[in-house]
Amino acid sequence: MKKLIFVAASAAFMLACTHVEKPKTMSEQLLDRLTALQSKGYMYGHEDDPFYGLTWDGDTMPGIDKSDVFDVVGDYPAVMGFDLGGIEKGDAKNLDSVSFDRIRTEIIKHHERGGIITISWHPRNPVTGGTAWDVSDSTVVNQILHNDSVRAIFATWMSRVGDFLKSLKTADGTPVPVIFRPWHENNGSWFWWGQKLCTDEEYLGLWNTLQDYLNGEGLDNLLWSYSPNLDGNVDEQSFLKRYPGNDRVSLIGDDAYQWGKEEDFVKQLHADLTFLSDFAKRNGKLFALTECGFKNIPDSTWWTRVLKPILDQYPISYFLTWRNYNGEDKVEYFAPDPSQESAADFKKLYEAENTLFLKDIQ
């Protein structure tokens, strides 16, 4: 009997020893990295950082690693944001006239530097043919879900998004991990997927349709981010109406810009971040200020006098300011270059121990 017991125990031990833990996906590894980095502080991010600035255009400087942020502080943003608007139509360039080949190159380059990548998507309107901001038809999401012809168009669009995301690989074939942030600012009504343009059920159907497709394509390098816009009156009941669910979201974001009075922005941002930090903690999620800024930064002390004291109070993963652009049609920037009046204050932000740029996370 003792011999039988010993043999059985030995067999069980060998089975236990042969169990191999399943390797973590790229998105799980990215989640672990973001979680670990929070012990150091919060990261700074910038949209379209290497493409253009206040006085330059990257298309005229091939091969030059130009960046307004780098020119001010001598370091790149820890996080770089990119957008796929236009990929759905098979265009060679995105909605900001940056070629998708260049976007792919810069994504891989920043990943290989040790940086973090986040990608949004401003798709055109598949019913009217207009831009993402064309809200002239309030049935677009419904038709994507229920109209066979529109559904077929959207299926092609998803395929093109998936093909681009699959192409984000290093030279040895390793996929680049990406924070993927579709259908953002949905509690506003300026995009065709916004609050007044579809029901809560339709919005969730749109989210699930894209996520299920990309997951089915084996894109396990995507960390999914859900990011409504600045509200100031958010509560759990209203938030949950369009929240895709804990099984579908890893990072919760807030898109928050100062468009009006400083005191209104401060009050609203505190309210949003108070709610989101609590919700994220209770649901085991990361959260971030996924878009933010003060257009053309008219306040020379805005970075350390207004924004940083707010962010210091919450365990955010990162904050990302929108792009710098100086074109014939407009001048629009959300990060300084060396000539901008807030550059000195931005350097103070950079020098703070808890603000993380690229060198801090390499």
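The side chains of Gln258 and Trp302 are joined by a polar contact of 2.8 Å. A polar contact is a pair of N or O atoms within 3.5 Å; within protein, one atom must be able to donate a hydrogen and the other to accept it, and residues adjacent in sequence count only if both atoms are side-chain atoms. The model is predicted, so local features need pLDDT of at least 70 and side-chain atom pairs count only at pLDDT 80 or more, while totals for chains, interfaces and linings use all residues. Residues are numbered from 1 along each chain as its sequence is written, and side-chain values use heavy atoms, with hydrogens and water left out.

Gln258 is found in the loop between β6 (251-257) and α9 (262-283). Such helices (H or I, at least four residues) and strands (E, at least two) are DSSP runs, numbered from the N terminus. With a relative accessible area of 4%, Gln258 is buried; buried means under 20% relative accessible area, exposed means over 50%, and partly exposed lies in between (1.4 Å probe, protein chains only). Not counting residues up to four places away in sequence, Gln258 touches Phe265, Gly293, Phe294, Trp302 and Val306, where contact means heavy atoms within 4.5 Å.

β6 and α9 also each supply at least two residues to the lining of the largest pocket. On a 1 Å grid over the protein atoms alone, a pocket is an open set of points where a 1.4 Å probe fits, with protein on both sides within 12 Å along at least five of seven lines, and lining residues have an atom within 4 Å of a point. The largest pocket holds about 580 Å³ of space; grid points are joined across faces, edges and corners, and the volume is the space filled by probe spheres set on the points. Its lining comprises 28 residues, of which Glu185, Tyr257, Trp259, Glu291 and Trp322 lie nearest the centre.

Asp48 is buried, with a relative accessible area of 1%.

The expected span of a helix is 1.5 Å times one less than its number of residues. For the 14 residues of α4 (residues 100-113) this gives 20 Å, in agreement with the 20 Å between its end C-alpha atoms. Several residues of α4 are buried, including Phe100, Ile103, Ile107 and His110. An α-helix has 3.6 residues a turn, so residues three or four places apart point the same way. The cover over the buried residues of α4 includes β2 (79-83), β3 (116-120), α6 (148-166) and α12 (358-361). Just after α4, Gly114 takes a positive phi of about 110°.

Two further residues complete the picture. Thr156, in helix α6, is partly exposed at a relative accessible area of 35%. Phe319, in strand β8 (residues 318-321), counts as buried at 1% relative accessibility. Leaving aside neighbours within four places in sequence, the contacts of Phe319 include Tyr42, Leu289 and Trp303.
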